[in-house]
Amino acid sequence: MTATTATPAPEAQAPGTLPAAKPRSMFMRGLEVFVENKLALVGVALLVLIFGFCFLGPLFYHTDQIHVNLANENLAPGPGHPLGTDQNGYDELGRLMVAGQISLEVGLAAAVIATALGTLWGAIAGYFGGITDSVMMRLVDALLSIPTLFLALVVVSLFPPTEIEIILVIALTSWLTTSRLIRGEALSLRVRDYVQAMRVMGGGSTRAVFRHIAPNAVGTIIVNATFQVADAILLVVALSYLGLGIRPPQTDWGGMLNAGLNAVYDGYWWQIFPAGIAIILVVIAINFIGDALRDSFEVRLQRR
Amino acid sequence: MAPLLDIQDLHTEIRLRRATVHAIDGVSLTVNAGECLGIVGESGSGKTMTALSVMRLLPGGGYITGGHIYLDGKDIAALSEDKMGQVRGNQIGMIFQDPLTSLNPTMTIGEQIAESVRLHRGASKAEGLARAVEVLGLVGMPKPAERIKNYPHQLSGGMRQRVVIAMALACEPKLLIADEPTTALDVTIQKQILELIDDLRHRLGMAVILVTHDLGVIAGRADRVAVMYAGRIVEITSTERLFSNPRHPYTEALFEALPEKAADESVGIKRLYNIPGQPPDLTAPPTGCKFAPRCRYAQDKCKEIEPSLTEGAVSHEFRCFFPVGSPEEVRDAKTPFASVAEDQPVVAPAGNGALVAAVGAGTASALTPLLRVDHLVKNFTVTAGAVMQRKIGAVSAVADVSFAVPAGSTFGLVGESGCGKTTIGRLIVGLEKPSAGSIVLNGKNLAKMSTRERRHNSRMVQLMFQDSYASMDPRMRVATILREPMVIQRDGSRSQQQKRISAILDEVGLPAAAAERYPHEFSGGQRQRLGLARALILRPSMIVADEPVSALDVSIQAQILNLMRDLQREHGLTYLFISHDLSVVRYMASVIGVMYLGKLVEVGPASDVYFRPVHPYTKGLIDTVPVADPSLERAKEHQGVQGELPSAVAPPSGCRFRTRCPFAQELCAREEPPLRPFTAFGHMAACHFPLREPDAGVADAVTATGTGTPA
């Protein structure tokens with residue numbers, strides 16, 4: 001009896017009776033735990049606001065983000081341009097919206113692809129172990145040894161960097177860490193008693209991976225995915241900063257930041273702060289949500 | 001003389017997210033210098049919390065909310081956290097259950113022992129290490145001066161627990177709290193550790209609080225015993241008095257739930273007494289007597305007013321309005337408890353001659369065995385290197401084991417951990433592939449099948465896990481968990497499966513609504529019922545039960561054992577019952593096989609093996625198992641198996657037990673003893689110098705027919 005097991009479990013029922021609580025779905029219980037976390041709610045609210053701002057904002061606030069208007073360059077915030085303009089004369093507020101669309105799209109899409117690929121790769125390597133594992137993971141190690149930016153540089157110099165391409169480049173480099181994580185998880189899950197139990201019933205590997213290992217790693221997967229979104233957004237920022245990002249006239253927050261930094265000594269703060277703050281807010285919001293999701297997926301936490 | 005430790009009206013609470021657990025609710029007890037007080041109770045009874053409250057090492061959210069703890073006249077409950085640090089480890093030492101987790105894997109054991117001396121006594125590093133050597137010698141560690149440089153992982157479980165004890169003793173505490181000190185250890189090691197604690201108590205004159213769930217452990221060691229239930233002491237008295245004349249119905253029920261009490265040779269197998277229900281929810285304890293809802297003597301009064309701890313006769317306190325037992329305190333221990341019942345069905349002594357004979361020698365019997373294991377061998381290769389995986393050795397987990405199990409019977413497999421009993425179970429259910437030998441079930445050789453074929457045949461034999469909770473996917477509802485085997489085996493339509501699930505839940509005593517729940521919503525006993533339900537759902541002919549009740553409390557254990565027996569009778573099930581607990585195996589099995597380091601050393605009818613063992617190991621094992629009887633337990637001081645299990649990578653030559661056997665001679669190292677018959681009823685053992693000679697004529701007869709040893 002360790003200290004933890006000796007803690008009386010709430011079990012007041014006779015052998016034939018069950019806990020009084022209504023049977024609820026896993027989702028509802030998870031939601032309950034999630035809602036208890038106030039920071040997560042702040043994160044969700046922030047994210048909803050930012051999405052609304054980026055995707056619905058342009059419908060109400062019309063700006064020209066295509067044609068350069070040098071007459072308006074580097075205007076300070078004032079009437080007509082609430083956040084001023086940049087060195088090409090684009091309205092900063094409107095630009096923040098369209099740039100956000102690309103940042104968010106790239107972040108989400110890259111994270112989804114990286115997570116799916118990484119999970120599958122890692123789960124298979126971890127479950128089968130042995131030679132399969134060795135070969136698959138050595139490949140991951142090899143790819144990890146190529147710097148992401150170098151890889152991106154090569155790809156971008158071969159093909160013109162479109163949004164799709166940026167998504168693919170980021171996804172193809174960031175699935176590696178996910179796969180390592182999930183492989184570790186699978187290694188520990190495959191020896192769990194319930195996987196053994198399933199094998200005693202005569203179940204095969206496919207069932208083990210898809211019915212037991214992947215669902216039980218879902219906490220790790222989802223949490224990792226949220227951090228992947230944040231990472232992807234930051235990676236786009238980095239790429240844009242090196243001039244390998246989205247091509248003008250399109251832009252993303254990283255691109256805006258990059259452009260703004262050129263003017264950092266001129267005191268044009270409105271070209272730097274809005275994009276910077278937007279990036280920080282999104283990353284923080286996603287991290288809050290990721291933390292809360294980790295708790296919601298922890299089955300044991302749900303019962304307390 | 002004032003007591004060393006005087007706990008007065010202690011209240012401890014644990015605050016959870018939404019509720020408060022009243023873990024300890026008004027506990028008062030005293031411990032005199034040099035005395036051993038036993039605290040027994042089921043999990044959640046507050047016994048560990050009492051110990052942790054004294055040490056002030058409560059888990060997160062735990063607080064002492066009332067009462068006093070006087071140590072040597074000083075109230076340590078009122079001390080500041082800083083001051084408490086000087087008491088803890090200095091005046092009070094504590095031993096935890098699991099020696100592996102209570103030692104720091106990155107420090108040598110010498111440094112860890114020296115740490116507390118340096119902390120409390122301000123000793124230098126060299127002085128600390130010198131003291132470490134001294135206390136390690138005290139706890140019986142061989143070559144302590146060399147051992148202090150070892151790390152915990154380099155020591156065996158028993159040795160680690162000695163280190164933990166040495167750490168607790170380093171500052172010569174006046175009080176030693178041992179919280180389940182042997183639960184994580186093997187029985188043979190358990191006995192050595194308990195003897196050590198006892199011996200140290202006498203030599204150092206310290207008081208010991210022994211917290212355990214095992215009445216057998218208490219029986220031989222404690223001077224006085226406190227029985228706890230739902231955060232309160234329900235009975236406290238001297239050990240002899242408690243065991244001979246329990247007054248509280250809960251204590252009485254605990255005794256009746258012990259399998260060793262139910263398996264009397266003369267009467268056959270009695271049904272165990274079930275304490276119905278489960279301990280109360282301590283977030284909202286019931287009014288009145290906490291045990292009333294489960295008590296067979298409870299009356300209306302019990303449910304309204306809570307009885308106080310009243311003095312019976314000579315220093316025997318209990319908390320009950322309608323005490324059982326006799327107030328004169330002179331009951332003969334042999335007389336059965338008053339309540340033992342009238343109409344409890346008595347299971348016929350299961351091992352009748354014919355059945356047993358079929359097991360042993362494989363004689364021509366009407367009963368063809370359902371399972372036949374022949375010359376089974378399993379070696380695990382030890383490899384080195386991540387990619388190349390060179391073979392550097394092999395662990396001989398199962399070495400040439402043969403036995404047979406007739407349909408409808410229970411074959412019990414006992415032995416220490418590492419003896420290969422679990423591996424045999426895993427080989428039979430197909431989780432491992434045998435290195436050699438055959439496993440014939442229902443006439444089909446499972447060992448020869450391809451993986452695919454084996455999977456199709458897996459419905460014939462199912463496994464019941466020790467930890468049912470771990471064996472169920474926490475993300476699945478019970479309905480999905482129970483349906484999974486049928487889905488895998490493509491058994492029936494969805495509605496048929498639904499019907500089968502309801503039927504099976506009913507059979508194991510759970511409501512149909514349980515299907516909509518998740519495993520974590522059930523209690524330990526209910527989960528074990530679910531585990532049994534899942535094992536049964538494919539209608540297997542055989543169930544391998546690997547330590548199915550080891551993790552359960554005595555009262556719940558009785559419920560599960562009874563259920564397993566009932567289901568066996570109804571469905572003609574065959575069990576392979578694997579356990580380290582000889583008394584449980586003795587209760588369940590008709591035939592017992594004793595394993596030692598991969599070898600089957602003795603096999604025979606349960607009562608024969610238990611009461612007339614032939615192999616010295618079996619005898620030693622029986623002697624080391626603690627029995628809930630103080631007089632018996634004290635009589636067998638310094639008996640039992642000494643030493644520790646040798647490595648299975650390089651097992652001893654000849655008889656594998658010879659390194660720990662008191663009778664071993666040169667022959668034992670040279671020649672491996674074959675399994676030979678000792679009675680006409682299939683009692684066989686592998687020993688050159690058995691405890692008794694074979695019955696007249698048995699050996700010749702078998703040699704003549706040539707079917708003698710299955711080895």
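**Close-up 1. The bridge between Val440(B) and Asn445(B).** In this predicted model, Val440(B) has Asn445(B), in strand 20 of chain B, as its bridge partner. Strand 19 (residues 436–441) and strand 20 (residues 444–445) of chain B pair in the antiparallel sense over two bridges, where pairing requires that DSSP finds at least two bridges between the strands. Helices (H or I, at least four residues) and strands (E, at least two) are DSSP runs, numbered from the N terminus. These two strands of chain B form a hairpin with two residues between them, and Asn442(B) in the turn has a positive phi of about 55 degrees.

**Close-up 2. The open sheet of chain B.** Eight strands of chain B form an open sheet with mixed pairing, in the order 21-22-23-18-24-25-27-26. Strand 21 (461–464) and strand 26 (676–677) of chain B stand at the edges with a single partner strand each, so one side of each is left without a neighbour in the sheet. Strand 22 (residues 542–546) and strand 23 (residues 574–579) of chain B pair in the parallel sense over five bridges, and Asp546(B) stands opposite Ile578(B) in strand 23.

**Close-up 3. The surroundings of Val544(B).** Among the residues that Val544(B) touches, leaving out those up to four places away in sequence, are Val461(B), Leu463(B), Met464(B) and Leu576(B); contact here means C-beta atoms, placed from the backbone, within 7 Å.

**Numbering and confidence.** Residues are numbered from 1 along each chain as its sequence is written, and chains are lettered from A and ligands numbered from 1 in the order in which they are written. Because this is a predicted model, local features need pLDDT of at least 70 and side-chain atom pairs count only at pLDDT 80 or more, whereas totals for chains, interfaces and linings use all residues.

Technical notes:
Contact = placed C-beta atoms within 7 Å.
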